[in-house]
Amino acid sequence: MTGVIILRMISGRVVLLFVASLIIFAAMNLLPGDPATVMLGLDASPESILALHHQLGLDTPLPARYAHWVSGFLHGDLGRSYIYDVPVSSLIIERLQSSLPLIFLAMLLSLGAGIPIGVIAAANRGKALDLGLMGMLQLFKSIPDFWLAMMMTFLFSLTLHWLPASGFPGWENGFFPAIRALILPAIALAIPQAAITARFMRSSLIETLSQDFIRTARAQGYSRRDALWRIALPNALIPVLTLAGIQLPVLVTGSIIVESVFSLPGCGKLLLEAVNQRDIPVVQNLVMMIVTGVMVLNVLMAALVSWLDPRLGEERS
(Lines give C-alpha, C1' and ligand atoms only; values in the text may rest on other atoms or scores of the structure.)
Protein backbone atom coordinates (compact mmCIF):
# COMPACT_ATOMS: atom_id res chain seq x y z
CA MET A 1 0.00 0.00 0.00
CA THR A 2 2.84 2.37 0.81
CA GLY A 3 4.34 1.83 -2.64
CA VAL A 4 1.06 2.78 -4.31
CA ILE A 5 0.85 5.95 -2.25
CA ILE A 6 4.42 6.91 -3.12
CA LEU A 7 3.73 6.34 -6.83
CA ARG A 8 0.68 8.60 -6.57
CA MET A 9 2.75 11.26 -4.84
CA ILE A 10 5.48 11.05 -7.48
CA SER A 11 2.98 11.35 -10.34
CA GLY A 12 1.39 14.34 -8.62
CA ARG A 13 4.79 15.98 -8.12
CA VAL A 14 5.61 15.50 -11.83
CA VAL A 15 2.47 17.45 -12.74
CA LEU A 16 3.41 20.15 -10.23
CA LEU A 17 6.92 20.36 -11.68
CA PHE A 18 5.47 20.85 -15.16
CA VAL A 19 3.21 23.64 -13.89
CA ALA A 20 6.13 25.17 -11.97
CA SER A 21 8.30 25.15 -15.10
CA LEU A 22 5.60 27.03 -17.03
CA ILE A 23 5.27 29.64 -14.27
CA ILE A 24 9.05 30.10 -13.97
CA PHE A 25 9.49 30.43 -17.73
CA ALA A 26 6.60 32.88 -18.07
CA ALA A 27 7.82 34.98 -15.15
CA MET A 28 11.31 35.37 -16.61
CA ASN A 29 10.42 35.82 -20.28
CA LEU A 30 7.14 37.72 -20.23
CA LEU A 31 7.83 40.31 -17.54
CA PRO A 32 9.20 43.75 -18.55
CA GLY A 33 12.96 44.04 -18.92
CA ASP A 34 15.43 43.05 -21.59
CA PRO A 35 18.56 41.03 -20.68
CA ALA A 36 20.40 42.41 -23.71
CA THR A 37 19.77 45.99 -22.59
CA VAL A 38 20.97 45.15 -19.08
CA MET A 39 24.15 43.59 -20.45
CA LEU A 40 24.98 46.28 -23.00
CA GLY A 41 23.65 49.33 -21.15
CA LEU A 42 21.02 51.89 -22.01
CA ASP A 43 23.30 53.59 -24.56
CA ALA A 44 23.65 50.48 -26.73
CA SER A 45 22.57 50.79 -30.34
CA PRO A 46 19.50 48.87 -31.59
CA GLU A 47 21.76 46.87 -33.92
CA SER A 48 23.92 45.70 -31.01
CA ILE A 49 20.87 44.71 -29.01
CA LEU A 50 19.43 42.75 -31.94
CA ALA A 51 22.74 40.99 -32.49
CA LEU A 52 22.93 40.02 -28.82
CA HIS A 53 19.30 38.82 -28.97
CA HIS A 54 20.27 36.47 -31.79
CA GLN A 55 23.40 35.31 -29.96
CA LEU A 56 21.44 34.51 -26.81
CA GLY A 57 18.54 32.93 -28.69
CA LEU A 58 16.08 35.55 -27.47
CA ASP A 59 14.70 36.12 -30.96
CA THR A 60 13.24 32.60 -31.22
CA PRO A 61 9.54 31.92 -30.45
CA LEU A 62 8.64 31.38 -26.80
CA PRO A 63 7.40 27.77 -27.25
CA ALA A 64 10.71 26.81 -28.89
CA ARG A 65 12.67 28.50 -26.11
CA TYR A 66 10.61 26.70 -23.46
CA ALA A 67 11.11 23.33 -25.12
CA HIS A 68 14.85 23.98 -25.47
CA TRP A 69 15.14 24.94 -21.80
CA VAL A 70 13.16 21.95 -20.47
CA SER A 71 15.05 19.54 -22.72
CA GLY A 72 18.37 20.94 -21.57
CA PHE A 73 17.32 20.80 -17.91
CA LEU A 74 16.28 17.15 -18.21
CA HIS A 75 19.60 16.28 -19.87
CA GLY A 76 21.71 18.27 -17.40
CA ASP A 77 22.59 21.01 -19.90
CA LEU A 78 21.70 24.24 -18.09
CA GLY A 79 23.27 26.58 -20.63
CA ARG A 80 25.60 29.49 -19.92
CA SER A 81 25.14 32.46 -17.65
CA TYR A 82 24.55 35.73 -19.49
CA ILE A 83 26.48 37.75 -16.90
CA TYR A 84 29.26 35.43 -15.75
CA ASP A 85 29.72 33.67 -19.14
CA VAL A 86 30.31 30.29 -17.48
CA PRO A 87 28.18 27.12 -17.49
CA VAL A 88 25.22 27.54 -15.17
CA SER A 89 25.75 24.04 -13.76
CA SER A 90 29.28 24.83 -12.55
CA LEU A 91 28.10 28.16 -11.12
CA ILE A 92 25.31 26.48 -9.13
CA ILE A 93 27.54 23.63 -7.92
CA GLU A 94 30.08 26.15 -6.67
CA ARG A 95 27.42 28.07 -4.72
CA LEU A 96 25.85 24.90 -3.29
CA GLN A 97 29.02 24.35 -1.25
CA SER A 98 27.76 26.92 1.24
CA SER A 99 23.98 26.80 0.70
CA LEU A 100 23.43 23.08 1.28
CA PRO A 101 25.44 22.93 4.54
CA LEU A 102 23.67 26.09 5.72
CA ILE A 103 20.20 24.63 5.17
CA PHE A 104 21.22 21.23 6.59
CA LEU A 105 22.74 22.82 9.70
CA ALA A 106 19.69 25.06 10.18
CA MET A 107 17.39 22.02 9.97
CA LEU A 108 19.48 20.14 12.54
CA LEU A 109 19.42 23.12 14.89
CA SER A 110 15.68 23.58 14.39
CA LEU A 111 14.90 19.96 15.26
CA GLY A 112 17.64 19.67 17.89
CA ALA A 113 16.34 22.67 19.81
CA GLY A 114 12.62 22.55 19.00
CA ILE A 115 11.94 18.92 19.94
CA PRO A 116 13.45 19.03 23.49
CA ILE A 117 11.81 22.39 24.25
CA GLY A 118 8.44 21.07 23.08
CA VAL A 119 8.83 17.93 25.21
CA ILE A 120 9.75 19.97 28.30
CA ALA A 121 6.77 22.28 27.76
CA ALA A 122 4.37 19.35 27.33
CA ALA A 123 5.74 17.57 30.41
CA ASN A 124 5.09 20.74 32.44
CA ARG A 125 1.76 21.64 30.84
CA GLY A 126 0.05 24.54 32.58
CA LYS A 127 2.98 25.26 34.89
CA ALA A 128 5.12 28.39 34.99
CA LEU A 129 7.86 26.73 32.92
CA ASP A 130 5.39 25.85 30.17
CA LEU A 131 3.93 29.36 30.10
CA GLY A 132 7.40 30.92 30.02
CA LEU A 133 8.55 28.69 27.19
CA MET A 134 5.40 29.37 25.18
CA GLY A 135 5.90 33.12 25.55
CA MET A 136 9.51 32.85 24.48
CA LEU A 137 8.59 30.69 21.48
CA GLN A 138 5.91 33.13 20.38
CA LEU A 139 8.50 35.91 20.47
CA PHE A 140 11.08 33.95 18.46
CA LYS A 141 8.44 32.84 15.94
CA SER A 142 7.56 36.47 15.24
CA ILE A 143 11.11 37.74 14.69
CA PRO A 144 11.99 38.34 11.00
CA ASP A 145 15.03 36.46 9.71
CA PHE A 146 16.86 39.54 8.48
CA TRP A 147 16.42 41.47 11.77
CA LEU A 148 17.55 38.48 13.82
CA ALA A 149 20.56 38.03 11.55
CA MET A 150 21.60 41.67 11.94
CA MET A 151 21.19 41.61 15.73
CA MET A 152 23.21 38.41 16.02
CA THR A 153 25.93 39.89 13.84
CA PHE A 154 26.08 42.99 16.04
CA LEU A 155 26.24 40.95 19.27
CA PHE A 156 28.41 37.94 18.47
CA SER A 157 30.63 39.41 15.74
CA LEU A 158 31.00 43.16 16.20
CA THR A 159 30.67 43.26 20.01
CA LEU A 160 31.93 39.94 21.38
CA HIS A 161 34.12 39.00 18.37
CA TRP A 162 33.28 35.33 18.79
CA LEU A 163 32.28 34.55 15.21
CA PRO A 164 32.93 36.11 11.78
CA ALA A 165 30.43 38.71 10.65
CA SER A 166 30.39 37.77 6.98
CA GLY A 167 32.02 35.78 4.22
CA PHE A 168 32.78 32.12 3.71
CA PRO A 169 36.39 30.81 3.59
CA GLY A 170 35.53 27.68 1.63
CA TRP A 171 35.93 24.04 2.59
CA GLU A 172 39.41 23.93 1.08
CA ASN A 173 40.62 26.10 3.97
CA GLY A 174 39.48 23.62 6.60
CA PHE A 175 36.30 22.13 8.02
CA PHE A 176 36.14 24.15 11.24
CA PRO A 177 36.71 27.60 9.68
CA ALA A 178 33.91 26.85 7.20
CA ILE A 179 31.52 25.63 9.91
CA ARG A 180 32.45 28.63 12.07
CA ALA A 181 31.35 30.96 9.26
CA LEU A 182 28.01 29.13 8.93
CA ILE A 183 27.07 29.00 12.63
CA LEU A 184 25.55 32.48 12.91
CA PRO A 185 23.60 32.28 9.61
CA ALA A 186 22.31 28.82 10.53
CA ILE A 187 21.18 29.95 13.98
CA ALA A 188 19.45 33.01 12.53
CA LEU A 189 17.71 30.78 10.01
CA ALA A 190 16.82 28.08 12.54
CA ILE A 191 15.43 30.06 15.49
CA PRO A 192 11.98 30.93 14.01
CA GLN A 193 11.59 27.37 12.70
CA ALA A 194 12.73 25.90 16.02
CA ALA A 195 9.99 27.90 17.74
CA ILE A 196 7.38 26.47 15.35
CA THR A 197 8.78 22.95 15.82
CA ALA A 198 8.67 23.28 19.61
CA ARG A 199 5.05 24.46 19.64
CA PHE A 200 4.06 21.66 17.26
CA MET A 201 5.98 19.10 19.33
CA ARG A 202 4.20 20.25 22.48
CA SER A 203 0.75 20.00 20.87
CA SER A 204 1.51 16.60 19.35
CA LEU A 205 2.83 15.18 22.61
CA ILE A 206 -0.09 16.52 24.66
CA GLU A 207 -2.54 14.97 22.19
CA THR A 208 -0.67 11.66 22.28
CA LEU A 209 -0.66 11.62 26.09
CA SER A 210 -4.47 11.83 26.03
CA GLN A 211 -4.85 8.68 23.92
CA ASP A 212 -6.26 5.43 25.28
CA PHE A 213 -3.05 3.44 24.79
CA ILE A 214 -1.25 5.81 27.18
CA ARG A 215 -3.90 5.23 29.84
CA THR A 216 -3.55 1.50 29.22
CA ALA A 217 0.21 1.74 29.69
CA ARG A 218 -0.26 3.63 32.97
CA ALA A 219 -2.71 0.97 34.13
CA GLN A 220 -0.12 -1.72 33.34
CA GLY A 221 2.34 -0.10 35.71
CA TYR A 222 4.28 2.40 33.58
CA SER A 223 5.25 5.52 35.47
CA ARG A 224 4.28 8.90 34.06
CA ARG A 225 7.92 9.49 33.04
CA ASP A 226 8.24 6.11 31.29
CA ALA A 227 4.91 6.54 29.51
CA LEU A 228 6.04 9.95 28.30
CA TRP A 229 9.52 9.04 27.04
CA ARG A 230 9.12 5.40 25.98
CA ILE A 231 5.61 5.34 24.52
CA ALA A 232 4.20 8.81 23.87
CA LEU A 233 7.31 10.53 22.50
CA PRO A 234 8.04 8.09 19.60
CA ASN A 235 4.42 8.38 18.45
CA ALA A 236 4.36 12.16 18.83
CA LEU A 237 7.54 12.53 16.75
CA ILE A 238 5.92 11.27 13.55
CA PRO A 239 3.85 14.44 12.88
CA VAL A 240 6.95 16.50 13.65
CA LEU A 241 8.79 14.73 10.82
CA THR A 242 5.95 15.75 8.51
CA LEU A 243 6.35 19.33 9.70
CA ALA A 244 10.09 19.14 8.95
CA GLY A 245 9.28 18.36 5.33
CA ILE A 246 6.97 21.37 5.18
CA GLN A 247 9.67 23.61 6.70
CA LEU A 248 12.21 22.83 3.99
CA PRO A 249 10.85 25.38 1.48
CA VAL A 250 10.75 27.97 4.28
CA LEU A 251 14.41 27.34 5.08
CA VAL A 252 15.34 27.56 1.39
CA THR A 253 13.58 30.89 0.90
CA GLY A 254 14.87 32.19 4.23
CA SER A 255 18.43 31.34 3.22
CA ILE A 256 18.17 33.90 0.40
CA ILE A 257 17.82 36.73 2.92
CA VAL A 258 20.29 35.30 5.44
CA GLU A 259 22.98 34.76 2.79
CA SER A 260 22.63 38.38 1.72
CA VAL A 261 22.96 39.67 5.29
CA PHE A 262 26.06 37.56 5.99
CA SER A 263 27.52 37.94 2.46
CA LEU A 264 27.66 34.17 1.94
CA PRO A 265 28.45 33.13 -1.65
CA GLY A 266 25.48 30.78 -1.82
CA CYS A 267 22.61 30.05 -4.16
CA GLY A 268 20.36 32.57 -2.43
CA LYS A 269 22.70 35.45 -3.08
CA LEU A 270 23.30 34.16 -6.62
CA LEU A 271 19.55 34.13 -7.24
CA LEU A 272 19.14 37.73 -6.12
CA GLU A 273 22.03 38.86 -8.30
CA ALA A 274 20.69 36.93 -11.30
CA VAL A 275 17.19 38.40 -10.92
CA ASN A 276 18.56 41.95 -10.70
CA GLN A 277 20.73 41.42 -13.78
CA ARG A 278 18.09 39.51 -15.76
CA ASP A 279 20.35 36.46 -16.05
CA ILE A 280 17.55 34.22 -17.33
CA PRO A 281 19.44 30.88 -17.55
CA VAL A 282 20.65 31.15 -13.96
CA VAL A 283 17.26 32.16 -12.52
CA GLN A 284 15.24 29.59 -14.48
CA ASN A 285 17.49 26.64 -13.73
CA LEU A 286 18.25 27.57 -10.13
CA VAL A 287 14.59 28.06 -9.19
CA MET A 288 13.66 24.85 -11.02
CA MET A 289 16.38 22.95 -9.16
CA ILE A 290 15.16 24.32 -5.83
CA VAL A 291 11.55 23.33 -6.60
CA THR A 292 12.64 19.87 -7.74
CA GLY A 293 14.86 19.33 -4.71
CA VAL A 294 12.14 20.37 -2.27
CA MET A 295 9.57 18.08 -3.91
CA VAL A 296 11.98 15.12 -3.90
CA LEU A 297 12.76 15.65 -0.22
CA ASN A 298 9.04 15.93 0.58
CA VAL A 299 8.38 12.61 -1.15
CA LEU A 300 11.23 10.97 0.78
CA MET A 301 9.96 12.44 4.05
CA ALA A 302 6.42 11.24 3.31
CA ALA A 303 7.77 7.77 2.52
CA LEU A 304 9.67 7.75 5.83
CA VAL A 305 6.57 8.80 7.77
CA SER A 306 4.43 6.17 6.02
CA TRP A 307 7.04 3.54 6.85
CA LEU A 308 7.17 4.57 10.51
CA ASP A 309 3.38 4.65 10.82
CA PRO A 310 1.57 2.57 8.14
CA ARG A 311 -1.78 3.84 9.47
CA LEU A 312 -1.07 7.23 7.88
CA GLY A 313 -0.61 5.53 4.53
CA GLU A 314 -3.94 3.73 4.88
CA GLU A 315 -5.69 7.01 5.72
CA ARG A 316 -4.22 8.72 2.64
CA SER A 317 -5.23 5.89 0.36
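The model is a predicted one.

**Overall architecture**

- The protein contains 13 helices and 0 strands.
- Along the principal axes, its C-alpha atoms fill a box of roughly 85 × 55 × 35 Å.
- Of the 317 residues in the protein, 39% are buried.

**The pairing of α7 and α8**

- Helix α7 covers residues 145–159 and helix α8 covers residues 175–209; they pack at an angle of about 140°, and their axes are 9 Å apart.
- The two helices α7 and α8 are therefore oblique to each other.
- The crossing of α7 and α8 is right-handed.
- On the α7 side, the residues in contact are Asp-145, Leu-148, Ala-149, Met-152, Thr-153, Phe-156 and Ser-157; on the α8 side, they are Leu-184, Ile-187, Ala-188, Leu-189, Ile-191 and Pro-192.
- Sorted by class, this contact of α7 with α8 comprises 10 nonpolar, 2 polar and 1 charged residues.

**The loop between α7 and α8**

- Phe-168 is located in the loop that joins α7 and α8.
- With a relative accessible area of 16%, Phe-168 is buried, because buried means under 20%.
- Phe-168 and Leu-264 are 96 residues apart along the chain, and their C-alpha atoms are separated by 5.8 Å.
- Leaving aside residues up to four places away in sequence, Phe-168 touches Gln-97, Ser-98, Ala-178, Ala-181, Leu-182, Leu-264 and Pro-265.

**Arg-65 in α4**

- Arg-65 belongs to helix α4, which spans residues 62–74.
- The relative accessibility of Arg-65 is 16%, so this residue counts as buried.
- Apart from residues up to four places away in sequence, Arg-65 touches Phe-25, Asn-29, Gly-57, Leu-58 and Thr-60.

**Helix α11 and the residue after it**

- Helix α11 consists of residues 267–276, and its residues Cys-267, Gly-268, Leu-270, Leu-271 and Ala-274 are buried.
- Viewed down the axis of α11, these buried residues fall within an arc of 160°, so they line one face of the helix.
- An α-helix has 3.6 residues a turn, so residues three or four places apart point the same way.
- Just after α11, Arg-278 adopts a positive phi of about 55°.

Definitions and conventions:
Residues numbered from 1 in each chain as written. Predicted model: local features only at pLDDT ≥ 70, side-chain atom pairs only at ≥ 80, totals over all residues. Heavy atoms only, no water. Axes fitted to C-alpha atoms, helices over the stretch in contact; angles between N-to-C directions. Helix = DSSP H or I, 4+ residues; strand = E, 2+ residues; numbered from the N terminus. Parallel < 35°, antiparallel > 145°, perpendicular 65-115°, else oblique. Left-handed = near helix turned anticlockwise from the far one by under 90°. Contact = heavy atoms within 4.5 Å. Nonpolar A, V, L, I, M, F, W, Y, C, P; charged D, E, K, R; others polar. Buried < 20%, exposed > 50% of the residue type's maximum accessible area, 1.4 Å probe, protein only. Arc of directions from axis to C-beta.
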